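Dear colleague,

I am passing on the structure we spoke about, with some notes on what turned up when going through it. Please have it open while you read.

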Amino acid sequence: MANKEVPLLYNEYRLNALERALEENGSSVEMALKNTLDSLYRRFVPHAERAEIESRIQQEEAVAQVSPNNTVGVFHLHNADGDIIFSSKYVKGLFQFAKLYGEYMQFDVNQYSIDSVVGYFGESRILDPELFSMVCNTFRSSENICIIADIDFERGNISALEKGMDTWHTYSLDDVLSAVRASATQADLFDYERKAIFEEQLEDKALEITAEPVSEDAGSPIQM
């Protein structure tokens, strides 16, 4: 959550005099107002609510460091032999993942280690489970995370929460593969047109998930 500007009208003569006086004391109007707002915040906002807010701010600041200058997708891949969590600068949506899976990954996920599959996602950064949990908690307010996805190769499912989705959706990887193949059957289409076909193919294909969410905010079905 970005900082919010607080508009304030104040008499120009008084403001100019105050600016000079504060500058002589090594301060400024902005610094003085911020200190006053902090004092009011501590005085009037209950301690329990402040603790919750400060925790949320710390989480959002940590998540922002996942990719400070770029939008990314965050993925949790796992099978019977292991799991890995990472962010990708180049795969930032379910359709992009589906194309990647259809062209390359489907043939290799059962032949190579789960760590080696990450290479298909291009430039990536490994994340720890704690940071992943923060990503789930703050996804809706995050500006740089485009999708969170859990890919369970053992069960053959993908659960995803993408910008614009109102809740998590879970699909079988077979249905995802069929949908992306359908989007590629017609020549001379723009990528956004293929994406629309892909999404249409997945309508009514969502699976029911009974797992308990790890994130109350994002409603994640992912279990670590």
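Asp188 is placed in the loop that runs between helix H7 (173-183) and helix H8 (191-202), and I would start there, bearing in mind throughout that this is a predicted model. Although Asp188 is not a glycine, its phi is positive, at about 60°. The residue counts as exposed because its relative accessibility is 76%, and the cut-off for that class is over 50%.

The remaining notes concern Arg140, which sits in the loop between helix H6 (129-138) and strand S4 (145-152). Is Arg140 buried, exposed or partly exposed? Its relative accessibility is 41%, so Arg140 counts as partly exposed, given that this class lies between the limit for buried, under 20%, and that for exposed, over 50%. The side chain of Arg140 makes a polar contact, reaching the backbone oxygen of Asp166 at a distance of 3.3 Å. As for Met165, a separation of 25 residues in sequence from Arg140 goes with a distance of 10.0 Å in space, taken from C-alpha to C-alpha.

How values were computed. Residues are numbered from 1 along each chain as its sequence is written. This is a predicted model: local features need pLDDT of at least 70, side-chain atom pairs count only at pLDDT 80 or more; totals for chains, interfaces and linings use all residues. Side-chain values use heavy atoms; hydrogens and water are left out. Helices (H or I, at least four residues) and strands (E, at least two) are DSSP runs, numbered from the N terminus. Buried means under 20% relative accessible area, exposed over 50%, partly exposed in between (1.4 Å probe, protein chains only). A polar contact is a pair of N or O atoms within 3.5 Å; within protein, one must be able to donate a hydrogen and the other to accept it, and residues adjacent in sequence count only if both atoms are side-chain atoms.
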